[in-house]
Structures are given as C-alpha cells and as structure tokens.
Number of protein chains: 2
Amino acid sequence: MSFLKNVSEHAFEGGIRTFLETAPALYLPGVSIDTVIFSFHNEQLKVLLLRFGNTPHFNLPGGFIKKEEHLDDAARRILQERTGLKNIYLEQFYTAGNTARSSNAVVHEVLKKFLRGLPKDHWFQQRFISVCYYALVDETKVAPKTEPFTTEFKWMDVKKIPKLLYDHNLIITKALRRLQSDLDEKLVGFNLMNETFTMGELQKLYEAVYQKKLVRTNFQRKMLSLNVLERLEKHYNGKAHKAPYLYTFKKP
Amino acid sequence: MSFLKNVSEHAFEGGIRTFLETAPALYLPGVSIDTVIFSFHNEQLKVLLLRFGNTPHFNLPGGFIKKEEHLDDAARRILQERTGLKNIYLEQFYTAGNTARSSNAVVHEVLKKFLRGLPKDHWFQQRFISVCYYALVDETKVAPKTEPFTTEFKWMDVKKIPKLLYDHNLIITKALRRLQSDLDEKLVGFNLMNETFTMGELQKLYEAVYQKKLVRTNFQRKMLSLNVLERLEKHYNGKAHKAPYLYTFKKP
C-alpha cells in the first residue's frame, strides 16, 4: 500500500534549502535517530519505508534531536512528524556508528546539488551517529501521512527490502534480530492481536517474526509456559464446539 | 580490591587542562562512551568503577570517539586506555540521552575550577549523549592499571554501588537488565567458567546475575535444554564416584 502525494520539485528543493539553513541552530551535532516500524498484517511482517523526496530511493523514517530534547522524546516526535504515527511504543535497540555509514555513494549522488557550495564544516556535512528505535504495529490501525521530504510510504515485506539509503538495510537486520529475542517479553505491550485470538493466529505472528515454520505442539507448550495467556471457556452454540479455543492476554 | 596510585594534584590538573585544549580537535562533538564491566568471582557479581582523579567520586570507565574511528573500535580503545583491559568482548546495550544527564550538581562541583573561564560553547560544555557497552569478565584474569584521571580501581558488588557521577547508576541498572536477558545466549562467549564445571557452579553465576536463588532441578532442566553443555563421563578413581557430573561447553 502506498500513499502518493504530489510534491513539486520546487517545494522539495525549497524544503531542503530551508532545512540546511535552520538545522544547525536547532539540532544537536553529529547524532541522528532512525526508526524501524514493523507491521504485522495478513500474516506478513513488513517495514515502513519512505521515498526520499522525488528520488527513486527509500529510507527509514528518521530525523534529528533538538538541543534541549530528551533522546526518547525526539524519537517519538520524529516518528509522528514524518509519518503521523502517534502513541507508538518505541524501543531503543542499537546505535549505528561506523565511519562509512553516511559516506554512501548513492546518498552523495542524491544530495549532490544541495551540498554544492555548502561549507565543509557545515552541521550536515559532519559524521553522524544514529540511535535506532523499533516498534511493531498493526498497519491497519495507523495512518501514515506524507510531509515535504516524503513523497511515498511503503510497507515492504522484510524478505523483499530493496537497497536503501545509508546503512538502513543493516539497521533493519539488527532490528529484526532484536525483535526476535524480545518478542516473548514484549508480546503483550505490542497490542497487536485482537481482544481474543486462537493459538494458530498467535503462531502466525511468531512465524512471521522468526521467518520459519514452527511446530504447533511445541509452540503451544512454549506460549502456555510464558504465563501471559488466559484460555476462554467455549460457549456451546450448536456449531462452534469444534472451533479452537480462544485466548486473551491476562490483565496485568 | 583496589589499585592505588599516587597521582599528584599537579599532574591531575595538568592532565585535565591538556585534555580540554586538545579534545575538541580530536573527538566527535556531543557523543561519549561508557562501559559497564561486570566481574564474576567468588560467587559475587561486581562492577568495575574508577575514582575520578583526587576526588572522592567514582564513575564508569568512559571516554570519547575520535573523528575517524568506528564506534565499536572507540569503545575497545577507551576500555584499554582507561583500565588496561584488552580483548574484552563488549556488547552495546543502551544509549543514554536525557538532557539532565551531564548537568549533575556533583559533576559541576568536581569540575568547577577547570570549567571556570572555559567558553560556554567549548566542546566539553555541550550536551553529551553516551553510547554504553557492557562485558562480563573474571576479575582474576584481568589486571586493570591506572592512568592520570584514575587514582583507584574498585570492583564493587552490584548490590552496594554508591552514588556515582553523571547518570552512571542508571546505566548500571540498564546493563544488569540486559545481562539478565542476554545471559543464556552469551554464556559461551563470556568464557567465564573453567574448562570444566559442575551444574552447581553454573547455577551460582545465574544466581549472581539474576540476584535471586534458583531451584536446582528447574535450573538444570533449563540449562540442558539450551543445548550448549556437554556432560563428561565420570572416571572412577575410587573416591569420585559420588562427585557431581562435570560439564563443558560444546565446541561450536
């Protein structure tokens, strides 16, 4: 699904020029934020990607930290400003600090005309270290919106991510690994399942995150051992006695 | 155990002045590194703390990132320069970015005389975000050494950490939480146990990290299910037939 918006070449270039003029006084030097927003829908695990201006290139929703802003607050503000997503529980998972991460040939090509004439010591020309956050949401419950630097949104299957700007492919790989090791613990907080769900529905989520088939009996035993699920009584209605048990998350 | 060194007031102050003059050209602005080095010895979980110069205050081993240095390389270099610890596997676990973290009253008091006269926009006066790394080592296998800013080393019991400089108490709490959730996965890599060990010895490590007693049978069942342990055959020598089984880590 993509949300296309007409951003004129002029508006995009004007936006970048204004940004480059005002950013050094507003934001911390050398530190940025990137967010990996996973969605789980129709049994697929996807990542929210933004098309950068009028270029053919995609990247993660990201931005910068105001000089007097807590890091976690900046992450929430950036996500909201760039995608319209509010009240998302973001989890910090990694800080990317390789020296080569910004000096990407494609990035230079994309930004060439804006960087021409910009002093070498300009805020934007410095090396940036990026603090990365992730979340897992149901894409049908959120409505991203575009802004000047973003002409298109895409929820892309994690198995089919194209080459992104900067080191964003690596960041997605790191996020997926963290999601895999956090899933049991964060499951309830992610608020991804309906009020009630079957064990089979829950298994689909795990299979999408771990990117492999799981054995039903082992999965069920493991989930029950986490002690977060409550099994609901079946109500006999003449048809449903063969239906699978429904579960809900225990109230904390 | 503490390693006391006589650093004259003069040497310490001279070191700080030289540092404040040379640092802005050498290091990235606004980003620092802190390391939480846990040790496990005599069934105790401890953290390596450094006394800051001639002050009564302790903090974590930390430092700054050179302008052309990978973040992870900087972390290893800093740990080695400040403590002499080499070849330690460091795991990045958290980036601290609250606005209040550097503007600590005690820190200001400690540094007052050095900061007097320093321009408000000096590199050192800016807000710093800190990328944090942790490791778990056996303190008997490492020999920290002092340097100008460190007059004393202490391995302090995690249950008895005093009030530290900056937000370092919070950073230790975050590190301990991460260690707890990583321990199963990192166990082999930490290289903490002897070549062979009993299940009871391994349980002591887990109890120190989780800071609670564990049930022996449950612990044993869990560890065996991780599939990283190899049980060695008992060799009958006339006495040892009542000794517990010995285990070793499976070769990868």
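Predicted model: local features only at pLDDT ≥ 70, side-chain atom pairs only at ≥ 80, totals over all residues.

User: What lies over the face of A:Tyr245?

Analyst: A:Arg231 does, at 3.6 Å from the ring centre. A charge is said to sit over a ring if NZ of Lys or CZ of Arg is within 6 Å of the ring centre and within 35 degrees of the ring normal. In chain B, B:Arg231 lies over the face of B:Tyr245, at 3.7 Å from the ring centre.

User: Why is the pair of A:Phe197 and A:Phe249 called tilted?

Analyst: The search of the whole structure finds 32 aromatic pairs over all chains. In this one, the centres are 5.0 Å apart and the planes make an angle of 50°. Rings of Phe, Tyr and Trp (its six-membered ring) pair if their centres lie within 6.5 Å; planes under 30 degrees apart count as stacked, over 60 as edge-to-face and the rest as tilted, so the angle of 50° makes the pair tilted.

User: Which parts of chain A does this pair tie together?

Analyst: A:Phe197 lies in strand E8 (residues 197–198) and A:Phe249 in strand E10 (residues 246–249), so the pair ties together parts that are 52 residues apart in sequence. Strands (E, at least two residues) and helices (H or I, at least four) are DSSP runs, numbered from the N terminus.

User: How do you know whether A:Phe197 and A:Phe249 are buried or exposed?

Analyst: Buried means under 20% relative accessible area, exposed over 50%, and partly exposed in between (1.4 Å probe, protein chains only). A:Phe197 has 1% and A:Phe249 has 12%, so both count as buried.

User: What makes the pair of B:Phe38 and B:Tyr134 edge-to-face?

Analyst: The angle between the planes is 70°, with 6.4 Å centre to centre; that angle therefore falls in the edge-to-face class. The pair links B:Phe38 in strand E1 (residues 27–41) with B:Tyr134 in strand E6 (residues 129–137), 96 residues apart. Both residues are buried.

User: Why is A:Asn87 called exposed?

Analyst: Its relative accessibility is 81%, so A:Asn87 counts as exposed. A:Asn87 is found in the loop between helix H2 (71–83) and strand E5 (91–96) of chain A, and has a positive phi of about 50° although it is not a glycine.

User: What does B:Gln80 touch, and how is contact defined?

Analyst: Contact means heavy atoms within 4.5 Å. Not counting residues up to four places away in sequence, B:Gln80 touches B:Leu85 and B:Lys86. B:Gln80 lies in helix H2 (residues 71–83) of chain B and, at 34% relative accessibility, counts as partly exposed.

Technical notes. Residues numbered from 1 in each chain as written. Chains lettered and ligands numbered in written order. Heavy atoms only, no water.
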